[in-house]
Structure formats: structure tokens, C-alpha cells
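Visitor: I am new here and would like a friendly tour. Could you show me the structure and then walk me through it?

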Amino acid sequence: MNFDFSDEEKLIQDQTARYLHDHCSSDVVRGILESDAGYDASLWQGLAELGLMGTAVPEQYGGVNAGSLALCLVAQELGAHLAPVPFASSIYLVCEGLLQYGTEAQKSQWLPQIASGATIGALAAVEQLTELRETDIACSAVARSDGRVRLSGKKLLVADGGLAQLIIVLARSDEGLGLYLVDANQSGVTRQSVATVDPSSDSAALEFDQADAELLGAPGEGWQQLHNLYDRAAVLLSFEQLGGAQSALDMAVGYAKERFAFGRPIGSFQGLKHLIADMYVALKLAESNCYYAAWALATDAPELPLAAATARVSATKAYQLCASDNIQVHGGMGFTWEFDCHLYYRRSNYLALMLGGLSSWENKLVNAIAAQQTNNRAAS
Amino acid sequence: MDFNDTPAEAAFRSEVRAWIDANAPAHLYGALSSSTFGGLNTGDEDPLEASKRWQKKKADAGWACLQWPQEYGGRGASPIERVIWSQEEGVYGKLAGSFIIGQGMCGPTLMEYASDAHKERYLPRLASGEEVWCQLFSEPHGGSDLAGLRTKAEKDGDEWVINGQKIWTSGAHYSDYGILITRTDATVAKHKGLTMFFLDMKSPGIDIRPIKQVNGQSGFNEVYFDDVRIPDHQRLGGVGDGWRVSLTTLMNERLAIGGSIATGYPELEDLVQALPFGEGVAMDDPAVRSRLADWYAKASGLRNTASRAISALSKGETPGPENSIGKLVAGTLMQDLAKFAMDMQGFGAVINDPEVAEGSARFQAMLLRSPAVRIEGGTDQILRNIIAERVLGLPEDLRADKGLPFNEIPTGN
């Protein structure tokens, strides 16, 4: 047993951290927050030049083939620096989707472009503003004679949907639900921006009108594939949440040491110490769960659904706790636009809802426990 | 990163499994499995005798105190091998409860501070379970504020004379020896006037009185010292150096206890999948599911945190301070889930008779024992202070006793 990342993986993390430290200050995040840009194009370009989009992409498709574990640590740094880039959509969802389900032709066509940062991706699943349900999916995929499909319907709340050139769409055909690849640069695709609690990330509603598309993976398997992709993305997103939680905790600790009241640093009061200690505890539990999930992701272990849901549930809670109590430690100043506390608060609550909210992941977690119990009984 | 056994680990595991299969007291399996939290069930046999028999058998075959050097009765095994052993020992590991403090804390302290002759005399018998040790630290006036202890040691020729009282001494009533921290100088600051000894628990002048606990059991004792004499060669470390010696003991406490902390989660999971609830079982209910998910995530977070510590140990690193979170999380977790399990059981949950109550009254046992988990070995509040000050570097609280000679510290009575 070895429960740690390798030196090579940590080196990639350090390089990412250094680059983001120099190029992704809170001024950069605020620049996007206060504009309509949706992401920072020059930061995106810089990350691409470091090869980070291709971290887990094989070399034959233009990646650096450093593996999922390294990608987890990259995600942690992006989260720690609140990087305003469409990395989660492009890499954890679309790139992973192509790696998992793409044909050789699809991979050869798209992966090099994603790995180079030239193509931004997004995943479009949600059609109702509630929990995602299989029966709600009405987007239709109609087969054409040449083997391609025409895709029509409306998707709400597509993360990075306003930026993406390549979109994976969950839609219904005669054979049931499937995942479809859509090139967004065509007249059959229109987008409308949506204002969210975190304007440093892009969100859009997308409408497809007889858009040209092609099947990704197996027909009728879309729901299963989507959930497998969500499980994989959940591990990576949990690392982003960890990174953000750690930064919010560091910010709280820093302020509690510096700020004086009643003639002493406020961090010397037990009322704040215990609040901050609880932030640390939540973070450490989540971190250990994320490590385990990283292993399950990297080895395609059968434990992945349970490990991913566990990491996701604890990382979501840890980030929300650290971000909200960071404001509390800062007192009134924490509620000002000027202090950075709200950047973490926004991002923590935005990420909590990406891929479905906490309660949906709690549900998945218990489903996975039940499945494991069934397997154990079958084995014994 | 790899969670699977290496070939060497797998070979060790099968060796362990074969030996345990051939030697473990299989007739106790049922009774041990039904032991509830805080209690050891060994059927018709005396629990201490059963524990000592298993420990001796392990020692004779070289399976006692795996992490200790062989010369002291251990095996010189790696941290990972220790974990594999405890996974394979499973329910029989409950028989090691009476030895945890001696082997986990007193032993390592002796290794560092006792003379060679003493190490040779005492350590192998501590490893084999033939002699049981306890740790005499807490006092009525020195619990969370351990360094505020008052038990006095005064030099008289080649001996020290001990007067005072200890409390919360686990297993004092069946222990053969103990390590004892005393005050040898009340005119200096509180941490500076302490000295550590070990002593024979059968020494004249020792009076041991069991404490009846909330759960009706008596695992702890008050120990009174009335002119108890200890030879100077049983001093551990220098005169006035007791605080530093005690830190060795307490650091080992973290390592001894850290890996295997009970939360009650597996028992809850068993309950909710079987308990009839509405149309189905409790596990189908949305409110139950939400709590189950939260508690699973916490219990699994603790397990994975322990794995990280083992991984660090096996690479020769010191486990990080994240290990101080184990007991802090586990105590409240157990208390919360015991209350919840009883709530789900309904009216019958008030029954505390293991013969009648659901699941041998295991949740009732957890409910009544868990308050102690949140206090023993550092209260929740002290642990939060430790995390805040030593891990996160927040400034110390103002201390009214700072720098004062011990005999000038306000006592309130």
C-alpha cells in the first residue's frame, strides 16, 4: 500500500501552483467577475502552453500522458486559485467523455485540439431546473441517412456553454438516451447567457434546431455513460473544492493572526480557534476521501462510484463550510466586495451545484453502499 | 498511489492468516463478536485471563507487539505489517484492550528512558501480556491542565516518597506496574517541576478504588498514594524533566490509538438495511439516507486519514498533525449515530438489557459510553485548541498561570 502521490505528480502540481500564483491573482479573478467575458483567455492560453489540458491525454493525441493522479493535483491548484477558466467542462467532462467513449476518429479529431486549449468543451444535460431525471430528457436525436443525426431541443444551465466549441449533449433517440457530439460552430446552435451566483464562471442556455451531431459511445447507453462521466468528473471537481477550501482556510488563519481586538489577536480567542479548527477537520476528512477517490479513478476500480460520491459529498461540505466561516472570521469586512471572501463563497456554492447538488450525491453515495452490500453478499 | 498489497505484503498477509486460523481462540468468536462498545464479552471465561492467554500465545510465536524490536519481545515489523496483522486478527484484536496502554504508551517510554537492566526485565513480560501496565497521569486538579498535577514526590535517601491522588487510571485494578508523573518542585513554573517514575502497583500505601461510570461499568480508577516509596533507579528521565518524558508517552498515545478508532458506523449501516421502516427498510428513507451519507463520508474520511498516516510511517516520515482529528470526529460521530439509531428503533430502544434489546443493546452501549470518548485522552475542546495552535499556528490564549511558580498559581479553592 502506498497512499501518496508520486514525486513526478507533485512536481506537476508545484509547476501549476507557481504559474497560477504569478498569473491568477484575485485581480485576475475579479477581472472576469466584473466583465461579461466568462473566462480569462490569456490565462487559458498560458495553462495550455504548460500542457495542463493534456495532463491525462495520451501522447498520440497531443497530451503529456501524466495520468489522472496528476490531473487531480492540477485541479486542486486551479481550485485554490479560483482560476476563471472552463477547465472542468473541457477536461473533466468533455475530454474524459472522448477518452472513455470516443471512436478512434473522434479522438483523433478532437483530443489534440482540446489538449492544446484550442477547443473548449461543455456538457449539456439539464432540461429542467430541478434534479436531473432520466424521464425529463426531451432533446431529440433523429438519425439521418448518412449515419449522422439531427439534434433538436433546449438545454438549460450549461456550464461554459457560452464559450464551448464542442458540446456533449444528452438526447433521446428511438433507442433511448445517448450522448452526442455537437460542433457548436453551426447555425443550428444558439446560446443565451445565464447570470449565476458566480459570474467568474460562464453559464448559458443552449438551443439546438436540427443541429448536425454524431453519437458518442453506445446508443441507448447515454444515461449510464453520463453518470460514469459524472463520477469521474466528481473526483476531479472534489480536488478543485479541496484547493478552494484550503485557500479559504489559509485566508481565515492569516486574518485571525493579524487582526487585533480587545488588545489581542482575534485568533487567540477560543471562539474563533474552535471555529477555524472545525474548518480544518472538515478539510482533512475531505482530503483523505479525495485521495482514495483519486486512486479509484486512476485504476478504474470497481469502488469508483462509492469513492467518487464520498469525495464529492465531503469536499462540497468542506468548501462550503470553509468559505462561509472565512467570512465569519473576517466579520463585517468579510461581507464587503473589496475583500476576497466572497470569491470563495460564490465559487464554493457554484461548484456545489455543478454535476448536481449535495443531496443528489448523498443519494448516489447510499445507492453505491447498497450496491456494495449486494456484491459482498453475492461474494460470500 | 496503490491500495493493493505488494507481493511482499500479500505473502505476509497469508502467513498471518494461516497462523491466526490455526491458533486463535475460535470458541470465543461468537462472544467477542457480540461485545458491545466499552465491554468485552468472553462468554464463561474471565476477560483478563482470556486476553492474557491469547497475548502469550502470540508472544511465544513472535506475533506480539509487532512494532517493537525483537530484543524486547516484539517482531520489528513495519507499520504496514502491523496494519495487515490487525486486519487479519479482526475480532480477536478485542482481546488486546487491556494491553493497549502498557504496550502502546508505557513500553515506548521505558524504551527511551529506562536503564538497560530495567528494559530487559520489564519489556518482554509487558509484550507477552504476563504483566499489565497502567499510566498514572490525570488528577482531580490536573485533567485538561495536566501540568497542574499535585501528587508530590520527595527525595528520601535513595528513595522517593509519593503522596497524592491520581484519577481516571484505566486498568489500575488489574495492573502490575504503572508509570507515574509527580511534582518534585512546586517553587518553579508548573511544567518545570515534574518528574516521571515507574512503580510496582502492589507497593504498600497504594489504594485503588474503581469509579462507577455513567454506563454502569468501572474501567477507570482513583489511585491514592500514602507514603508510597519508589527507588530512585525507577526514575524515568531527569529530576524536573517529567514533562518532556510525558510528551514521549502522549505522542505514542496518538500513534497507538490513531489507527483503530471506533465510530459505530458499520453497526449503523447493518441496522438501516435491516430495520423495517414504512413500506421498506430504514435505508430507503430520504432523511435516513442523507444522514447515512454524511456519516459514511466522515467514517471513511477517518479510515483514509489513518491510511495516510500509515503510508507516511512506512516511508520513515512522522505522521502529520491531521491525525489529531481522529478522536475529535469519532466521539461526536458515535454519540450522534447512537441517538439516531435508537430513534429509529422506536419505543423499544429504551431497553438496555442485552438479552432483550435489538442487536445486544449495542447502540445503547454506544450512547452511554460515547460521552467519555469526547473527554478521555484530550477533550474535544483541548483538541481544537491543539489544532488551532500547533497545526494552524494561531496565537496562544492568554494564560493566567504563565511563568508563575506552581505554588503561586490561583487555584479557586
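Guide: Let us begin with a term: a salt bridge is a side-chain nitrogen of Lys or Arg within 4 Å of a carboxyl oxygen of Asp or Glu. This is a predicted model, in which local features need pLDDT of at least 70 and side-chain atom pairs count only at pLDDT 80 or more, while totals for chains, interfaces and linings use all residues. Residues are numbered from 1 along each chain as its sequence is written, chains are lettered from A and ligands numbered from 1 in the order in which they are written, and side-chain values use heavy atoms, with hydrogens and water left out.

Visitor: How many salt bridges are found across the interface of chain A and chain B?

Guide: One example joins the side chains of A:Glu287 and B:Arg308, at 2.7 Å from N to O. Over all chains the structure holds 44 salt bridges. Across the interface of chain A and chain B, the number is 6.

Visitor: Which residue of chain B forms a salt bridge with A:Arg264?

Guide: A:Arg264 sits in strand β9 of chain A, and its partner lies in the segment after α12 (380–391) of chain B; helices (H or I, at least four residues) and strands (E, at least two) are DSSP runs, numbered from the N terminus. The closest N and O atoms of the pair are 2.7 Å apart. The partner is B:Asp397.

Visitor: Is A:Arg264 buried or exposed?

Guide: Buried means under 20% relative accessible area, exposed over 50%, and partly exposed in between (1.4 Å probe, protein chains only). B:Asp397 has 21%, so that residue is partly exposed. A:Arg264 has a relative accessible area of 15%, so the word for A:Arg264 is buried.

Visitor: What is the area buried between chain A and chain B?

Guide: Buried area is the accessible area (1.4 Å probe) that two parts lose on being put together, summed over both. The contact (heavy atoms within 4.5 Å) takes 44 residues from chain A and 48 residues from chain B. A:Met1, A:Phe3 and A:Tyr280 supply 18% of the area that chain A buries against chain B, more than any other three residues. Carbon and sulfur atoms give 62% of the total, which is about 4,300 Å².

Visitor: Why are the buried residues of α8(B) on the same side?

Guide: In helix α8 (residues 265–274) of chain B, the buried residues are B:Tyr265, B:Leu268, B:Glu269, B:Leu271 and B:Val272. The arc is taken from the directions from the helix axis to the C-beta atoms. They are on the same side of α8(B) because they cover an arc of only 165° around the axis.

Visitor: And what do they pack against in chain A?

Guide: Within chain B, the buried residues of α8(B) pack against β10 (280–281), α9 (286–314), α10 (325–345) and α11 (362–373). Their packing partner in chain A is α11 (358–379).

Visitor: Which residue meets A:Glu96 in a salt bridge?

Guide: A:Glu96 belongs to helix α5 (residues 87–101) of chain A, and the partner, 136 residues apart, is in helix α7 of chain A. Both residues of the pair are buried. At 2.7 Å, N to O, the partner is A:Arg232.

Visitor: How many residues apart in sequence are the parts that B:Arg13 and B:Glu88 tie together?

Guide: Their side chains meet in a salt bridge at 2.9 Å, N to O. Both B:Arg13 and B:Glu88 are buried. B:Arg13 lies in helix α1 (residues 7–23) of chain B and B:Glu88 in helix α4 (residues 79–89) of chain B, so the separation of the parts they tie together is 75 residues.

Visitor: Is A:Gly147 buried or exposed?

Guide: A:Gly147 has its place in the loop between β2 (140–143) and β3 (149–159) of chain A. Its relative accessibility is 63%, so A:Gly147 counts as exposed.
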